[in-house]
Every structure is written in C-alpha cells, then in structure tokens.
Amino acid sequence: LVNSILPSHIADRAISGERNIAYRHSVASVLVCSVVGWAVEMDHLSPADVTRCINGILAAFESAAEHKATTEIVGDMFMAVTTPNGDGEDDGDHFDRICALALELREAMKAFDGVLANVKLGARVSLHTGPLFSGVLGSNPPRYSHYGRAIKFARRLDILCAPDGIHVSQSVRSMLTTRTQNQLFGRHIQKHVMIMNEDGMYSQTYMIWGQGKVKPIDMDLYQSSNISEPMKAKDKKWHILSVDDDTANQDQVSQICRDLHVTLTTATDGNQCLEIIASAKSSLNLPDLILLESHMQGKSGFDVCRQLRLTFNHLELPIIMVTSHSSTEEVSAALLAGCNGYVMKPFHNRELMAHVHVQLSVLQCVARLHSTTLKGEALMELTVCRSKVTQLEVECAQATSDLVKCEKKLAETKGALEKHQEKARKLEADLSVAKGQAEQARKLEADLSVAKGQAEEQKANQRKVDACEAELRETRASSELLRKTQNELAEARQMLERFRQEAETVKSQLHEIELERRCVESDVTGHDLPRVTVPGKRPRDDWRRQSSRSEVSDDEEDPNATNEETMARSSLEDQHAHERLQCALLTGRLVGLQSEITRLRKNFQRSEAKNVVAAAEASIMWKEMDGLDSEVDAENMRCEESKAHLQHLQLAIALHGKAPLHP
C-alpha cells in the first residue's frame, strides 16, 4: 500500500519507520496543467461522463510523466516536478525534461477533443523554476507533496494562463535563451501579464505558442475558464474590506466570507480604512468590495465614502453602507454620499450574501464587457497581423534561402576558422618556445656581460699585480743598492782605518824627520837639542856622539874636516829639503785623506739614513708583497674560474647561435 502511494525511495524510508522525511531543492522545475472548458457546461453534463473524461486525461498525463517527474493531482489540476539528478548540481537537465513533458501533455490533450458533446476542452500549461521543499505530509494516507514559493507561483501562472498555450515565468524565459537543445527553444514567445510574487514585486510572464507563429487568444474560452460565477472561489478569490467598530458584526461578516470563500480584511474606524485603501492602491491590490458602517467613532462612514469617491468611481470600488438606521433621510444620505447599496442592521446572512453577490456580479459583467471590447480590437489587430504574416512568410522564405546560403558560408568559415585556429595554436607554441629561447639567450648575454666585467676586473687586478711586481723589483734593486752601499761603507771604513794607520805612520815618519832635522841643525849650530822620543822607537843618543865629535873637531880644526862638514851640511840640507817635500806631500795626502774621510762619513751617514728608510720601506713592501701574493693567488683562481665560465658561455652561445634571439 505504501509503495502504491509513495515513490519507491521514499516508501523504503517510510516502511523502515523514519518520520519527517523532507528535502530542500535549491532549484526545481514545476509544471501545472489544468483541464478547462467543461465547467461552463457543467449544468448540462453528466457527472459520470465528466469524471470518465477527466480520468482518461489524467491517466494520459501520468503515463507521459512516468520516469520523468514526480506527479501530484489536485482535482482536475495535474502538477509535475523535476529536480536535478545526482548530487543536486544544476546542469539544466530537469528543465529540459519538464519542457519536453509540457509538449507531450499538449499532444495527449488532442486525443480527447470532442469526447464531451458540445464542449470545447482545453489545457492550460504553466512552467516555472525556483526553490521548493518536498516531503511526506499527512498520515492517513501519507502523501509525498511539493510545497514552497515555486509551487505557489506556478499555480498563479495557471490561473492566468490562456488555453492551448504554455504560460511561463521570467526565470523560464531566461533559461530558454541559453538552452539551445531544449524543445521549446526557438518557439514564439509573447508577453502576457504581470504577476505579483511572494516578495510583493511584479514579474513579467510570457505565453509560448507554436514554432514561428503567433496564436490568437480565444477570448470566450479564456474568460469562461478564468471568470465564472461570483461564488466559485476556485477560479478567483474575491477580496472584501469590512469597516465596523462592532466586534459582533465583524464576526458575522467573517462567517459569511468564509462561506463564500472570500478573503476578508477588517478595520475598526474610518482612518484605518483610508490607510488600508492608500496602501492597497500603491501595491495595486485594492479590495473588490467595501462593507462600511455609517456611524463610527472619529470619521463617519459618510465622510469616508465621500472621500473615497473623490478617487474611485462606483465600478472601480463598490461600497455597501451598513447601518442600524432605516429612515429615508439616512438612506438618501448614504446613496448621495456615493455608496452602491444599503443594508440595515440587524441583517440576515443571506441578505448580505445577496448584496455581495450583486456587486460582484456587476464587476464580472464589467469585466466581460471590457473583454468583449478587447476582443473586437484583437480581431482588428488579427486582420492586420494576417496581412503582415503573409508578407512575413514571403520574407521568411527569402530569409530561409538566405539562411541556407549563410549556413553554408558559415560552415566554410568555421572550417577556415578551425584551420586558422590550429595554425594560431602552432604559432603560439612556437612563440612560447622562441620566448623561452630568447629568455635563455638574454640570460646568457647577462652572464656574458658579467663574465666580461669579471675579466675586466681581473685585468685591472693583473695590472695592479704588475705594478706591485715592478715596485717589488724596484724595492729589490733598492735593497741590492743598499747592500752595495753597505759593502762600500764597510770598504770605506776599512780604507779609513787603513788611512788612519798610514797617517799614523806618516806622522811617525815626520816626527823622525823633524828629529833628524833638529839633530842636523844642532850639529851645525852646536846647540844641544832636547831629547825627542819618537813613538815606537828607542831614544837616540846620536847627538851625544855628534857633540863629542864636534868637540874633537873644535880642538883639532882640520881643513879636510871642514870640507866634509860642508859636504855633510849640504847633504843634510838636501836630505832635509827632500824630507820637507815628502812631508808636504804627506801633509797634502793627509788633508786629502781627511776630506775623503769627511765625505765618506757624510755618505755613510746618508747611507745609514737611507738604509733605515729603505729597511722600513722594505719591511712594508715585504708585508704588502705577502698580501699581494695572496691576492694574486686568489685572482689567479678567479681568472681560471672566469676562463672556464667564459668557455662555457661561448659554447652555449655557439649552440644557440642558430636560434632567433627575438621572436
């Protein structure tokens, strides 16, 4: 039993004891289809015939919707709902399925044309997409139903749908513009009416007819299916505003409206009534009828009626005055104030229902008259449209031939475009490869420039090394010159010492010569000379011997001795002159030696100063040379690395020499 009234996947959960089975669908497609036309001739038809016909239609509808949608039947209204498959991702398949089902229902309806005698049957099909809930409602028996904003709006679409057409919402029309594979894509879509949704906003709706043609609306069938007797609340829900400060009267009016299936709004005074009318006017939702108490606190019913008649006439807003006064003046005042009818308290329910029925019937007649006027205008427009359609058919044929040619050209263009796109993809691939090669080349050029900079830096360092080596050679030459100077200084010291010894020797010789000279002079003059001791020689006693000889010579006075003495004296004088000359020569030599010694001493002092400076400079230069040697070693290693890197770069450039640097 459960499997027969619930879907299989829901029945399994219900049989297992699960309660509150419900789902949320963020998007779903809803189809509402109503059978129309039979209610007009309801009084002349057999209930069995109507029931048999409707059962056949609904059975055909259920057969078409099997395995496509979840169905539900309410009276003669058939509803189907499709939801996304799988994990709920909206891929549009549910929309395509519901559109295909709508076309199948229209085709199935054609088989029942003429089943009921003298009755023109039709089907109103409405489509909408939006969010909804689904779940098991009720318990005896449980029913799997769909409910939510999408369902309510779809039912509103059904009420305003024209027979033999498909009434769609704005969301359906938007989806049809993108779903090219949908069976409704390409059919003629015509603006229909504006419908207020649950948010209080008005939304445009559309009618879909045959493919490429505009179907005129059958106004008789449209009106007969949408506007019936005032008491038939299934086709239209009337709205009544009751204004009364008496709670008992309001309760009685509320009971009457429930019996009539009429929507009721209540107000307790005239100001509240005017506020409700003003709000309803701004939202285009005016009540169809006002039941107005004549005597209330604040503004009276007469004042309210007069103020409303300044804006609305008797047909736009009917007013029935309800009062407890039955005087002629009261009735005439109410009618002059602008009310459509007058009811005295206390009133019977049937009396008030009759007044309401009369006013709503008047409204219905006005609507029929307005529809007749619209029908005449529609017929005139139909004649014009037929002539335009004939012209458009000719143009359409021409356009069709042009379209075939354009399709051929489009196919050729698509083929050429695909070829060009393939070439473009290849060129893009080549371009990307060339860009990569260019990037590599730029990197190689950058590395080469860095290597050149390193080479220049290495050359500069090499020049510094050469300069340091030159300074080192100069320092070594200075050191060699210093060593030579030191050797010369040592030789000069030795020569000075030798000169000193020779000077001492010369001095001793001069002293001896001076002594000899003095001895000679003493011999000549006969004066005794003081004893002179020559350094390094023994004291001489020659003067004594000479003195004895002189004494002998003085006593004897020999002439030969005088000659000898003269010769000796001349010899001594010659010897003395020779010694003086030698002494002068030695003195000059001694002076020269002393000047040479002075010069050597000055040179020695200068050499010693230079030697100190050179030693300090040599120490500094040796330290610098040690640092330069380490720098030279480091630079040599860098040079070797740069040479190797440069060879690598030259090899890479040679390998990429054939590739274009700039694509």
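Visitor: How many salt bridges does the structure hold?

Guide: The structure holds 11 salt bridges. The term stands for a side-chain nitrogen of Lys or Arg within 4 Å of a carboxyl oxygen of Asp or Glu. Before we go on, please keep in mind that this is a predicted model, where local features need pLDDT of at least 70, side-chain atom pairs count only at pLDDT 80 or more, and totals for chains, interfaces and linings use all residues. Residues are numbered from 1 along each chain as its sequence is written, and side-chain values use heavy atoms, with hydrogens and water left out.

Visitor: Are E293 and K345 buried or exposed?

Guide: Burial is read from relative accessible area: buried means under 20%, exposed over 50%, and partly exposed in between (1.4 Å probe, protein chains only). E293 is buried, and K345 is buried too.

Visitor: Which residues are linked with them in a network of salt bridges?

Guide: D244, E293 and K345 are linked in that network.

Visitor: What separates R97 and D93 in helix α4?

Guide: R97 and D93 are 4 residues apart in helix α4 (residues 93–109), which means a separation of about one helical turn. Their side chains meet in a salt bridge of 2.8 Å, N to O. D93 is partly exposed, at a relative accessible area of 27%.

Visitor: How many residues apart are R425 and E422 in helix α12?

Guide: R425 and E422 are 3 residues apart in helix α12, about one turn of the helix. Their side chains meet in a salt bridge of 2.5 Å, N to O. R425 is partly exposed, with 45% relative accessible area, and E422 counts as partly exposed at 35%.

Visitor: Which residues gather in a patch of negative charge on the surface?

Guide: Patches are made of residues with over 30% relative accessible area and no salt bridge; like charges are joined within 9 Å, and nonpolar side chains (Val, Leu, Ile, Met, Phe, Trp, Tyr) within 5 Å. Lys and Arg count as positive and Asp and Glu as negative, with His and the chain ends not counted. A charge is placed at NZ of Lys, CZ of Arg, CG of Asp or CD of Glu. Here the negative patch gathers D466, E469, D626, D629 and D633. The largest share, 3 residues, comes from α14. D629 is found in helix α14 and counts as partly exposed at 38% relative accessibility.

Visitor: Which residues form the nonpolar patch on the surface?

Guide: L315, V358, V362 and V366 form the nonpolar patch, with about 290 Å² of accessible area together. Accessible areas come from the Shrake-Rupley method with a 1.4 Å probe; for residues, only the protein chains shown count as cover. V366 has its place in helix α12 and counts as partly exposed at 34% relative accessibility.

Visitor: How many aromatic pairs does the count come to?

Guide: Rings of Phe, Tyr and Trp (its six-membered ring) pair if their centres lie within 6.5 Å; planes under 30 degrees apart count as stacked, over 60 as edge-to-face and the rest as tilted. By this rule the count comes to 2 aromatic pairs. One of them is F133 and Y147, an edge-to-face pair at 6.1 Å centre to centre with 80° between the planes. The pair links distant parts of the chain, with F133 in strand β4 (residues 122–137) and Y147 in strand β5 (residues 143–147), 14 residues apart. F133 is partly exposed at 35% relative accessible area, and Y147 is partly exposed at 29%.

Visitor: Where does H67 lie?

Guide: H67 lies in the loop between α3 (47–65) and β2 (70–74). Its phi is near 65°, a positive value in a residue other than glycine. H67 counts as exposed, at 78% relative accessibility.

Notes. Helices (H or I, at least four residues) and strands (E, at least two) are DSSP runs, numbered from the N terminus.
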